[in-house]
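Here is a short tour of a ligand site and the strands beside it. Take a look at the picture, then follow the points below.

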Amino acid sequence: MSIHLAAQPGEIAPHVLMPGDPLRAQWIAETFLEDARQYNTVRNMFGYTGTYQGVPVSVQGSGMGQPSMSIYATELLKDYGVKTIIRVGTCGAISHQVKLRDVIIANTASTDSAINRLQFHGIDFAPGADFNLMRYAADNAESRGLNAKVGGLFSSDLFYNGRPELAMQLADYGVLAIEMETSVLYTLALKYGAQALTVATVSDHILTEEATSAQERQQTFSAMVELALETVKQNAEAQPSH
Ligand code: HPA
């Protein structure tokens, strides 16, 4: 057991999918995993372990925002020896390079959070995704005919941001969309010698003010979860020691 997770040693698989919403974790476990067992209900931040086509996989809610993500990711990586985390999330587009329902495969994550600055005094650390996870995801997305784009995310601490022009400046530098968890996830995975990737569907477009319906969100989210599970499987088969 760790402070926020009730799993016994060995109950969490080396490969973990992390949606923000714990009910999405439940839905992923019930829809895509075989023999899924719940290992965590602490704070209703549900976690499950099952198998996907024979590969042990866990699904753990992260909650919203970097402080919450950092608690669960640290405990998975440090206390349970997790080797691979794929965040499956949604994001708001800030670039005309992406459309509603596209999947973003995040190679980098800029942030307005003080989390990195607190750890790297005077250095702007550049959190990046694991290259192998990124290329498996990009190849899988292409073969599945998904509209996927590799690019940068902006992990903001503010959902209701009073200074949208700052996000627009990031868009001028190629950043594609805003979400709230990836920067600290990538930093922590690098710290613990693990692999991390975020795949995120565009649920709303900040430039055009379009938003997906609940049904569209469910469909695109489902296709992205399958992409993430295929990526986990391919990665696990390529590195059996993990
Ligand atoms: N901002 C932050 N996080 C998000 C957004 C957004 O517009 N859309 C989906 N996640």
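Two strands pair if DSSP finds at least two bridges between them, and strands here are DSSP runs of E with at least two residues, numbered from the N terminus. This is a predicted model, where local features need pLDDT of at least 70, side-chain atom pairs count only at pLDDT 80 or more, and totals for chains, interfaces and linings use all residues. Residues are numbered from 1 along each chain as its sequence is written, and side-chain values use heavy atoms, leaving out hydrogens and water.

**Strand pairing**
- Strand 6 (residues 103–111) runs parallel to strand 7 (residues 148–155), and eight bridges link them.
- A109 has L153 of strand 7 as its bridge partner.
- Strand 7 is also joined to strand 8, in parallel, by four bridges.

**Around the ligand**
- The shell (residues with a heavy atom within 4 Å of the ligand) includes F159, I178, E179 and D204.
- Strand 5 (84–93) gives the largest share of this shell, three residues, while strand 8 (175–179) and strand 9 (195–205) each supply at least two.

- A polar backbone atom of G92 is 3.2 Å from a nitrogen atom of the ligand.

Conventions. Polar contact = N/O pair within 3.5 Å; in protein donor to acceptor, adjacent residues only side chain to side chain.
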